[in-house]
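Hi,

Here is the structure I promised to pass on. Could you open it and keep it beside you while you read the rest of this email?

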Amino acid sequence: MFAGDVGDGCQGLSSVFARAANEPPLAVSAKGSWITDAEGKLYLDAAGGAIVVGIGHGDPDVAAVMSAQAADLDWVHPSAFSNGPVEDYAAAIAEVAPVDDARVFPVSGGSEAMETALKMARAFHISRGDTERTRFIARGHSYHGNTRGALDLSGREPLRAPYEPWLGQTIRVPGVNEYRCPNPSHPDSCSTFHAERLEAAILETGAERVAAFVAEPIGGAASGAAVPPKGYWDEVTTVCRRHGVLVIADEVMTGFGRTGEWFAADHFDLRPDLVVAAKGASSGYWPLGLAIASGEVHDEIAAHGGLTHGFTWSHHPIGARVGLAVLDKIKRMRLIDRARTQGEKLQKGFAKALGGHEHVGDVRGVGLLLCIDLVESVDSKKPFARVERVTERVVERAREIGLLLYPSTGNVDGIDGDYILLGPPLTVLDDEIDLIVDRLTTALRGI
Ligand code: PLP
């Protein structure tokens, strides 16, 4: 069966402008950690799609609240009405988000949420009379979305390359990845090294021109789940505060329990001015993203005429109702604790099965956000040449034996680099963890 053999069984070319260049199978159902295609083949979703699925696929309670909400109040324009689900959801998010006196602006995904946060940061400075603060600083080996503003923040060369003439506003500081740390005296003083680079970038630009520093508190696909060194966020935040630069934490991949805390910022007692979230917020049941501002940022903007910004689908009642149901499941099923315990089991499984593997350079991450960094040589950490398409081959082999992984390539030097990301649903069972380890080990054989 091809992607073009659509639901009614008629053969022929698909009219879909497909996301993937190859012809992916047609998915027909999903339950827990498993997806079934039109030929009845079962896939173990070890990456939750793109590290999205937290509460598991096919939850009937979420389906029921979506349906009920659509019957009660399907949609109202967000500039004309507020709605009950959005009010309740924002209040529930304010209880768990690592932001003081949080104000929540729900949108349709991570990139939209990032664009919203950038505008909030800009609006905050304009409200204070700091009108020159237009520039954003972001790190290498980072990803913040595919819309123009978010892509410009992103330190992912392969994704930027075709659009480079449109980009170039973002000031870049080094990426944070202890396995390939750019600090000449690594492992000593890495936090200080990064804080100094950030401060130098601020001073070079002129502090009065810098709006915000944007970063993932724990790395996502672009750095391969890299955890910053102890002290990093303290030092970096101190630099930002010294220069009136806001901190925007991108928690699109790491939020909603993925790393074993509500948000990755919680590992570091980080209190950003703005948080951007998506993915696990709805666990895939609805296109949902969140830009979360501190009360201080919100009030400053509100006092000076509000935010010039909006989307037709923002503050959607069904999205908020889904978000609320997912949040409730995370709490009731204790999925944050589960991310920790199941993540440890997965790490142990990999250590046992892949320890000493000649091409596994690093296994890193925290909770149920893990990365296997594949290298040509473990001793030199030299990546495979891109032409070898190692990641693609491993992901394809894994798919053949019914294991879904999330690939990330080109992140060592903009061309080479082979990361295999794992992020199964937080509900993943013990025997599913064993199966992930077994099948991944098989897929890595003979690379
Ligand atoms: N930020 C991070 C860290 C991400 O991982 C992603 C998506 O993978 C985004 C932003 C963009 O989110 P979306 O694909 O929902 O636009």
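A quick word on the ground rules. This is a predicted model, so to speak of local features I need pLDDT of at least 70, side-chain atom pairs count only at pLDDT 80 or more, and totals for chains, interfaces and linings use all residues. Residues are numbered from 1 along each chain as its sequence is written, and side-chain values use heavy atoms, with hydrogens and water left out.

**Helices around α10**

Helices (H or I, at least four residues) and strands (E, at least two) are DSSP runs, numbered from the N terminus. Start with helix α10 (residues 317-332), which packs against helix α2 (residues 60-72) at about 155 degrees, the axes being 9 Å apart. Axes here are lines fitted to C-alpha atoms, for helices over the stretch in contact, and angles run from 0 to 180 degrees between N-to-C directions. That angle makes α2 roughly antiparallel to α10 (the label is for angles over 145 degrees). On the α2 side, the residues in contact (heavy atoms within 4.5 Å) are Asp61, Val62, Val65, Met66, Gln69 and Ala70, and they meet Pro317, Ile318, Arg321, Val322, Ala325 and Lys329 in α10. By class, this contact of α2 with α10 has eight nonpolar residues, one polar and three charged. Ala, Val, Leu, Ile, Met, Phe, Trp, Tyr, Cys and Pro count as nonpolar, Asp, Glu, Lys and Arg as charged, and the others, Gly among them, as polar.

Helix α3 (residues 84-96) also meets α10: their axes come within 8 Å and cross at roughly 35 degrees. From α3, the residues involved include Tyr89, Ile93 and Val96, while those from α10 include Pro317, Leu324 and Leu327. The contact of α3 with α10 divides into 10 nonpolar, one polar and four charged residues.

**Salt bridges**

Side chains of opposite charge can pair when their charged atoms come close. The structure holds 21 salt bridges, each a side-chain nitrogen of Lys or Arg within 4 Å of a carboxyl oxygen of Asp or Glu. One of them joins Lys329 and Asp61, at 2.6 Å from N to O. This pair links distant parts of the chain, with Lys329 in α10 and Asp61 in α2, 268 residues apart. Lys329 is buried at 10% relative accessible area, whereas Asp61 is partly exposed at 42%. (Buried means under 20%, exposed over 50%, partly exposed in between, with a 1.4 Å probe and protein chains only.)

Arg103 and Asp299 form another, with their closest N and O atoms 4.0 Å apart. Arg103 lies in strand β4 (residues 103-107) and Asp299 in helix α9 (residues 295-302), so the pair ties together parts that are 196 residues apart in sequence. There is also a network of salt bridges linking Arg180, Asp362, Arg364 and Asp373.

Which two residues does a cis peptide bond join? They are His186 and Pro187, with omega about 10 degrees. Pro187 is in the loop between β6 (171-173) and α7 (190-205).

Ile51 is not a glycine, yet its phi is positive, near 55 degrees. Ile51 sits in helix α1 (residues 48-51) and is buried, with a relative accessible area of 1%. Asp269, also not a glycine, has a positive phi of about 50 degrees. Asp269 is in the loop between β8 (246-250) and β9 (274-277) and is exposed, at 70% relative accessible area.

Cheers

Terms used:
Angles under 35 degrees count as roughly parallel, over 145 as roughly antiparallel, 65 to 115 as roughly perpendicular and the rest as oblique.
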